[in-house]
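This briefing goes through a protein model topic by topic. Look at the sequence and the structure first, then read the points below.

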Amino acid sequence: MRHKINLSILLALFWLLNSGHYSNLMLFLGVLSIAVVIFIAHRMDVVDHESQSMGLSLAFTKYGLWLSKEIIVANVAVVKHIWLGNKTISPTMTKVNASQTTDVGKVIYANSITLTPGTVSLGLVGDKITVHALIRENIDALESGDMDRRVSQLEKS
């Protein structure tokens with residue numbers, strides 16, 4: 001039930017932010033459409049223990065802000081290496097461990113790697129993520145485990 005309430009709140013916020021119309025009729029139609037979506041999701045049995053586990057938590061917002069900073073720093077590094085030329089680029093492919101316990105946690109970790117410029121997750125099998133990096137230092141940063149640890153903390157919240 002908690003997941004359905006979280007989904008309702010998330011849909012309501014999304015609808016309110018995108019609508020921009022707050023008359024009684026529009027609010028009623030918004031509530032009605034959210035109720036229909038929740039009913040359909042319930043009938044399809046797609047709202048489970050993982051689909052909403054991190055939906056509205058403060059930890060997810062904190063992680064998003066940290067990841068945004070990492071994306072900006074990585075963008076600057078990639079541009080620097082492009083300007084410096086091919087001699088500074090060291091393409092590397094390796095497998096990194098994912099310590100997350102749920103599939104959602106592993107996918108968030110793999111997607112976070114891909115979102116960071118200069119790195120791409122090529123595959124996720126079991127607890128191993130195949131990663132291609134433009135620069136060897138990006139692999140070293142992943143192997144240090146900071147991103148993995150942060151996603152694991154996010155998964156537990």
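L29 is located in helix α2, which covers residues 24-44. The model is a predicted one. In it, L29 has a relative accessible area of 39%, so this residue is partly exposed.

**Surface patch**
- L29 belongs to a nonpolar surface patch of about 870 Å².

**Nonpolar core**
- The largest nonpolar core is made of 17 residues. Within this core, Y63, Y109, I113, I129 and M147 have the most contacts.
- At least two core residues come from each of these elements: α3 (58-84), α4 (103-115), β3 (128-133), α5 (136-144) and α6 (146-156).
- Helix α4 gives the largest share of the core, with 4 residues.
- Which residues does I113 touch, leaving aside its neighbours within four places in sequence? I113 is in contact with V96, T119, V120, S121, I129, V131, L142 and M147.

**Helix α3**
- Helix α3 has 27 residues, and at 1.5 Å a residue it should span 39 Å.
- The buried residues of α3 include Y63, W66, L67, A74, V78 and H81.
- Helices α4 and α6 are among the parts that cover the buried residues of α3.
- Just after α3 comes G85, which takes a positive phi of about 100 degrees.

**Salt bridges**
- Side chains of opposite charge can pair when their charged atoms come close. In this model the count comes to 6 salt bridges.
- One of them joins the side chains of K106 and D127, with an N to O distance of 2.7 Å. This pair links distant parts of the chain, as K106 is in helix α4 and D127 is in the loop between β2 (119-125) and β3, 21 residues apart.
- D127 has a relative accessible area of 41%, so D127 is partly exposed.
- R136 and D140 form another salt bridge, and their closest N and O atoms are 3.2 Å apart. Both residues lie in helix α5, 4 residues apart, or about one turn of the helix.
- R136 is partly exposed, with a relative accessible area of 32%. D140 also counts as partly exposed, at 37% relative accessibility.
- A network of salt bridges links R136, D140 and E143.
- In helix α6, the side chains of D146 and R150 meet in a salt bridge of 3.3 Å, N to O. D146 and R150 are 4 residues apart in α6, so about one helical turn separates them.
- D146 counts as partly exposed at 26% relative accessibility, and R150 is partly exposed with a relative accessible area of 25%.

**S144 in helix α5**
- S144 is part of helix α5. At 56% relative accessibility, this residue counts as exposed, because the cut-off for exposed is over 50%.
- S144 and I71 are 73 residues apart in sequence, and their C-alpha atoms are 17 Å apart in space.

Note on methods: Residues are numbered from 1 along each chain as its sequence is written. This is a predicted model: local features need pLDDT of at least 70, side-chain atom pairs count only at pLDDT 80 or more; totals for chains, interfaces and linings use all residues. Side-chain values use heavy atoms; hydrogens and water are left out. Patches are made of residues with over 30% relative accessible area and no salt bridge: like charges are joined within 9 Å, nonpolar side chains (Val, Leu, Ile, Met, Phe, Trp, Tyr) within 5 Å. Accessible areas come from the Shrake-Rupley method with a 1.4 Å probe; for residues, only the protein chains shown count as cover. A salt bridge is a side-chain nitrogen of Lys or Arg within 4 Å of a carboxyl oxygen of Asp or Glu. Buried means under 20% relative accessible area, exposed over 50%, partly exposed in between (1.4 Å probe, protein chains only). A nonpolar core is a set of buried Ala, Val, Leu, Ile, Met, Phe, Trp, Tyr and Cys residues joined through side-chain atoms within 4.5 Å. Contact means heavy atoms within 4.5 Å. The expected span of a helix is 1.5 Å times one less than its number of residues.
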